Structure formats: C-alpha cells, structure tokens
Amino acid sequence: MRLSTLSPLLAIAALAAPALAADPLRDQATTLFQPIPTAPPELPGNPATPAKVELGRMLYFEPRLSESHNISCNSCHLVGLGGVDGRPNSIGHNWQRGGRNAPTVLNAVFNTAQFWDGRAADLKEQAGGPIANPIEMGITKEHAVEQLKGIPGYVDAFKAAFPGEADPITYPNLEDAIAVFEATLITPNAPFDRWLEGDEAALTEQQKQGLAVFVEKGCAACHNGINVGGGMYAPFGVVQRPGWEFLPPGDRGRFQVTKTVEDDYVFKVPTLRNIALTAPYFHSGHAWDLKQAVAVMGEAQLGEKLTEAEIEQVTAFLAALTGEQPRVEFPLLPPGVATTPRPEP
C-alpha cells in the first residue's frame, strides 16, 4: 500500500517512526538465531487440548509412576530449578545414580532429539523412557498402566484427554499427555530475544561483546537456532580431548546408540537457553562454574585459549539467554483407593 493511501494520522505516524539503526552484529545474529516464541508449538500427531495438557501436568508430578512412589519426572527436571536437579548425576530407584547429568526440560521441545545421545526422537519417546528405566523410576510399563487404572481420578482424566477411546489408559497415551505438557515449558522474552527483535537496550555492552566473540570464535557453528544448540551432534573434543573428568572414558556417547565408529564420544549439542540456571555442566556434570565451562569449550571444541576478558564477555552473553521461567502450579493429584497398587516394600 502506498503511503498516500493511508489515513493522514497513519501517514504522519509512519513518517515519524524511527527506523532501526543499522547494526551488523544484529544482522548477523538474526541469520544464526531465532527468538523463543511466546506460545508453545504443536506436536506433530499429538494435538494439545486443555484436558490433555492438564493430564500431562498431573503425570509429570506423579510419584506413583515410580516403583517406590517417591520419584516423578519433576524429581530430576524441577520446573522451578531451570528444568534440572542441580546434581552431577540424578538419584533414581533404590538410590541408584544415573550415568549422565540430567538435561533441562525447559525448551526441550525445540531440540532435534532428546537425551545426550539422541536416543529418543521426540518428547513423547523421551517421556516414557525414564519411567520404565530400572535405574531411574524403576517401574514397568505394564505396572504403570495398572497403577493409573487403579486410581479413579485418572480413569476420568484419561477419558477427558482421549475422548472416544474404549481404553484410554495406555502407555502411549501417557507419553502423549506428558509430551504436550512438556511442550508448554518454554522460556520466551529473554534479553537476547528482545534484542534480536529490536530492543537495543535489552543487552549490555559487555553482552554484545560476548555475542561477537561467541560468533567470531565459532561457538555459533554448533550453538545456533532457536535453542542456541540442541539441533545437531558433535564430538566432545573436536580439536583436543578435555580431561577424563569432563569426558569419562566409559561413556562413549552416541556410539552406544548407533554402534558407529564416527559417533564415538559424540553427543547432542546442548541448548544454552537458561544455561546460567542449570549448573553443573556437560554430560558428566563436572563443571560447576560457567566461566570454566566456557574455557573448556574454547580449548576442546575450537582450539582457542580464550582470554579472561573473552571468557567474561561470553559468560555475560550467556546470562542474556535466561528467559521468563514457566509458572506451573503443583497439581492436586487424585487419591488412591483400597485396591490401588501399593509401592514397593
């Protein structure tokens, strides 16, 4: 539409509106990154409904989906703690410890695959894995379904979430419900997102310098896209292997899934969204200091010994990736009855 066809007031406003100043750094950044949206994405083949999201919220916080009735999804992926548990390795069934640091559930919907080795293709597959893992929640799929069928409130909740199904309480439906809830756990409006969208004041000068270092040194070659990571796999130690404390020799990463030599010590590139909240770092959970993690990545992945100033700048930039945290009310879980299966003695 030509300016002359606008109403006089709109024409004046259009002429008076300042154009965004040219900014080569933002121009480059917008080719590499995208802001987190303010609404959760739809999952292919798994449409969200209020009843399904509500059921997923209940199941996410449900400890009776563990054999001991003590562990829920939220035990290792605390919504109020950046989507992690703050431990190098999570504590599972019978006090067993998992082999890797628990990755954040926040913004996991934007990852190309789930888990450090990508063994789950999507949130649905990821949701069902830990429940049936003997080290994590330690219950069988059959017993999980039996447990839910023994709680009258879940019978009603599954019927509402999966209307028209003759037998709605199934393990695939459990996975679908948890997945649509997890898809709501996004963190929009981080300072970096606001800056990408034109808010010049959203980043400090130090954070802009850190972004420039992040891009120029090559960090953005792997940590890019909407999740600033999570979109590809890479060996840990592209240029030089870090110490075995960071890269335990017994954990060969994606090789354990594919059995392909090229995948030896290859891991999914983690998202850097909310990274300031999710220590300790790396799949080993060995680094507690974000500045140390930045230095290790510089040497191991880029062959660069970053200066103290560069480490400070990049760390400041990473703090700008902390978005609005999801506010999730703890659900009132339906009570059991006399015939509900009991926990493991």
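**Salt bridges and a pocket**

In this predicted model, a network of salt bridges links Asp 23, Arg 26, Glu 200, Glu 205 and Lys 208.

Me: Which residue forms a salt bridge with Arg 26, and how far apart are the closest N and O atoms?
Reply: Arg 26 belongs to the network that also includes Glu 205 and Lys 208, and the structure holds 18 salt bridges. The partner of Arg 26 in the bridge asked about is Glu 200, and the closest N and O atoms are separated by 2.9 Å.

Me: Why does the pair of Arg 26 and Glu 200 tie together parts that are apart in sequence?
Reply: Arg 26 sits in helix H2 (residues 24–32), whereas Glu 200 sits in the loop between helix H9 (191–196) and helix H10 (205–216), so the parts tied together by the pair are separated in sequence by 174 residues.

Me: Is Arg 26 buried or exposed?
Reply: The cut-off for buried is under 20% relative accessible area, and Arg 26 has a relative accessibility of 7%.

Me: Which residue meets Arg 119 in a salt bridge?
Reply: Arg 119 counts as partly exposed, with a relative accessibility of 39%. The N to O distance in its bridge is 3.1 Å, and the side chain that Arg 119 meets there is that of Asp 117.

Me: What is the relative accessible area of Asp 117?
Reply: Asp 117 also forms a salt bridge with Arg 100, in which the closest N and O atoms are 2.9 Å apart. Both Arg 100 and Asp 117 lie in the loop between helix H4 (73–76) and helix H5 (123–132), 17 residues apart. Arg 100 is buried at 17%, and Asp 117 is buried with a relative accessible area of 4%.

Me: How many residues of the lining of the second largest pocket are charged?
Reply: The second largest pocket has a volume of about 250 Å³, and its lining includes Asp 85, Arg 87, His 93 and Trp 95. The lining residues divide into 4 nonpolar and 6 polar ones, while the number that are charged is 2.

Me: Over which residues is the pLDDT below 50?
Reply: The mean pLDDT of the protein is 93, with 94% of its residues at 70 or more. One stretch, which has 5 contacts in the model beyond near neighbours in sequence, has a pLDDT below 50, and it covers residues 1–18.

Conventions
Residues numbered from 1 in each chain as written. Predicted model: local features only at pLDDT ≥ 70, side-chain atom pairs only at ≥ 80, totals over all residues. Heavy atoms only, no water. pLDDT = per-residue confidence, 0-100. Contact = heavy atoms within 4.5 Å. 1 Å grid on protein atoms, 1.4 Å probe; cavity = no way out; pocket = protein on both sides within 12 Å on 5 of 7 lines; lining within 4 Å. Points joined across faces, edges and corners; volume = space filled by probe spheres on them. Nonpolar A, V, L, I, M, F, W, Y, C, P; charged D, E, K, R; others polar. Salt bridge = Lys/Arg side-chain N within 4 Å of Asp/Glu carboxyl O. Helix = DSSP H or I, 4+ residues; strand = E, 2+ residues; numbered from the N terminus. Buried < 20%, exposed > 50% of the residue type's maximum accessible area, 1.4 Å probe, protein only.
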